[in-house]
Amino acid sequence: MAAEIVNPRSDSESRNGPTERENGAEPLDSFDPAFALHRGGKMAVQATVPIRDKDDLSLAYTPGVAKVCSAIAEQPDLVHDYTWKSSVVAVVTDGTAVLGLGDIGPEASLPVMEGKAILFKQFGGVDAVPLALNCTDVDEIVETVVRLAPSFGGVNLEDISAPRCFEIERRLQERLDIPVFHDDQHGTAVVSLAALRNAARLSGRTLGELRAVISGAGAAGVAIARMLVEAGIGDVAVADRKGVVSRDRDDLTPIKAELASFTNKAGISGSLEAALAGADVFIGVSGGTVPEPAVASMAEGAFVFAMANPDPEVHPEVAHKYAAVVATGRSDFPNQINNVLAFPGIFAGALQVRASRITEGMKLAAAEALASVVGDDLAADYVIPSPFDERVAPAVTAAVAAAARAEGVARR
C-alpha cells in the first residue's frame with residue numbers, strides 16, 4: 001500500500017479556497033463548532049513510504065513502479081500484495097437517503113461519507129474513499145461501481161433509498177468478486193441482533209421464545225427481519241405505513257411480498273399498534289411516534305429498541321415504564337444501536353482473508369462476536385458495548401474472517 005487515508009491537517013494549518021468572509025458572509029464556523037470541525041473536510045491522503053530524495057522517487061514512481069506494474073500485468077493477483085487494493089473500501093452513495101435528511105444530493109452527502117470513511121479507519125483500521133455519484137438510475141449506479149471496482153477491495157453502499165438499494169446491492173454482488181455491503185441494511189441488522197441476543201440472555205430466554213414487531217419496511221427493517229429469522233426468532237412481523245406486511249395484502253411491492261413470505265407466521269394483520277399487543281420486542285427503524293398505550297400493551301419484560309434519530313419512536317422515559325430493556329440510536333442514552341459497532345470489523349475481517357463476498361454466516365458471526373464482548377457485565381443498561389470499547393473491532397474482525405474461511409469465500 002502506497003498511501004493511507006488520515007484525518008486532515010490541524011486547525012492551525014491554512015485551508016484553501018474562499019471563506020464565507022471573503023464572499024461577504026460571516027463564517028459559519030465562527031458560531032457553530034460543527035462547521036469549524038468540517039472546514040476543509042475531515043480526511044486527507046498521506047503517503048506510507050518516504051520520498052526524501054531522487055532514489056526514493058525512482059522507486060516510488062518511475063522507473064521503479066514499472067517493474068511492479070509489469071509483474072501485476074503478468075500475475076493479476078499480485079495487485080493485492082503491491083497496492084492498497086486489499087485494504088481500501090469505496091463508500092458509495094447517490095445522496096438519496098442521507099441520515100434523517102432524505103434526498104439531499106451527492107454534494108450535500110459528502111460530509112456524511114467523509115465521516116463514514118474516517119470511522120472505517122478509526123474503528124477498523126480500514127482505509128475508505130467517499131464516492132458521491134451524480135446519478136440515481138439503478139443501471140447507471142451499477143455500471144459506474146463495476147467500472148470503479150478494480151481500485152477497491154470492497155464496496156460499502158451508503159444512504160441509497162429503498163427499494164433501489166436492494167437491487168443495486170444484489171446486482172453488484174452478482175457482478176463483482178469483492179464484498180458489497182449495504183450498511184444501512186446489514187450493519188443495523190447485525191447490531192440489533194447482538195443487542196437482542198444479550199437482552200434475551202439477561203431475561204433467561206432464547207430468541208426462539210420471542211415475538212418481535214418491526215416498525216419500518218425499508219432497507220433496515222427488511223434486513224433486520226431477515227437476520228432475526230436466520231438467527232431463530234420465534235416470530236417477527238414488520239409494519240409499514242399501511243400496517244402489518246402480510247400475505248393477504250394486495251398492495252405489496254416485490255420486496256415486501258418476499259418479506260411477507262418468511263415473516264409473520266402468526267398471520268397478524270392490521271395496524272402496528274394491534275401487532276404490538278402481547279409482543280416481546282419492538283424494533284423501530286421508521287420514525288414517527290408509537291402511542292404509549294400500544295407500548296403498554298406489550299408483554300411483561302418486553303424489549304424496546306426505538307432507533308429513529310434524533311427522535312426515537314418511543315422516548316426512553318416512556319419505554320422504561322413498560323420495558324425491561326430499552327435501546328435507541330442515540331449516544332446520550334444507554335444501549336446505543338450504532339452501525340459503527342459492525343461495519344469496520346466486518347470489512348476488516350473480509351479484507352483480511354480476501355473474501356469474495358459477505359455471507360449471511362459472516363454477518364451472524366459478527367453479531368455473535370459483538371454480543372460476546374459484553375460478557376459478564378451484562379445489565380439492562382448494557383446489552384451492547386460502546387463503539388469506543390477497543391475489544392469490539394478485533395472480536396468482530398476475527399469472527400468474520402473465521403466465518404469466511406468456514407463458508408469457503410476466503411481466498412487467503
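1. Let me start at Phe-35, which sits in helix α1 (residues 33–38). Helices here are DSSP runs of H or I with at least four residues, strands are runs of E with at least two, and both are numbered from the N terminus. A word on the basis: this is a predicted model, in which local features need pLDDT of at least 70 and side-chain atom pairs count only at pLDDT 80 or more, while totals for chains, interfaces and linings use all residues. Residues are numbered from 1 along each chain as its sequence is written, and side-chain values use heavy atoms, with hydrogens and water left out.

2. Phe-35 is partly exposed, at a relative accessible area of 40%; the classes are buried under 20%, exposed over 50% and partly exposed in between, with a 1.4 Å probe and protein chains only. Together with Leu-28 and Phe-31, Phe-35 forms a nonpolar surface patch of about 290 Å² accessible area. Areas come from the Shrake-Rupley method with a 1.4 Å probe, and for residues only the protein chains shown count as cover. Patch members have over 30% relative accessible area and no salt bridge, and nonpolar side chains (Val, Leu, Ile, Met, Phe, Trp, Tyr) are joined within 5 Å, like charges within 9 Å. A salt bridge, in turn, is a side-chain nitrogen of Lys or Arg within 4 Å of a carboxyl oxygen of Asp or Glu.

3. Now the rings: the whole structure holds 4 aromatic pairs. Rings of Phe, Tyr and Trp (its six-membered ring) pair if their centres lie within 6.5 Å; planes under 30 degrees apart are stacked, over 60 edge-to-face, and the rest tilted. Phe-120 and Phe-347 are edge-to-face, because their planes stand at 75 degrees, with centres 5.4 Å apart. Since Phe-120 belongs to helix α5 (residues 106–124) and Phe-347 to helix α14 (residues 343–352), this pair ties together parts 227 residues apart in sequence. Phe-120 is buried at 0% relative accessibility, and Phe-347 is buried at 0% too.

4. Which residues make up the ring cluster? Ring pairs join Phe-120, Phe-181, Phe-343 and Phe-347. Lys-116 lies over the face of Phe-343, 3.8 Å from the ring centre; this requires NZ of Lys or CZ of Arg within 6 Å of the centre and within 35 degrees of the ring normal.

5. On accessibility, also compare Phe-123 and Phe-388: Phe-123 is buried at 17%, whereas Phe-388 is exposed at 68%.
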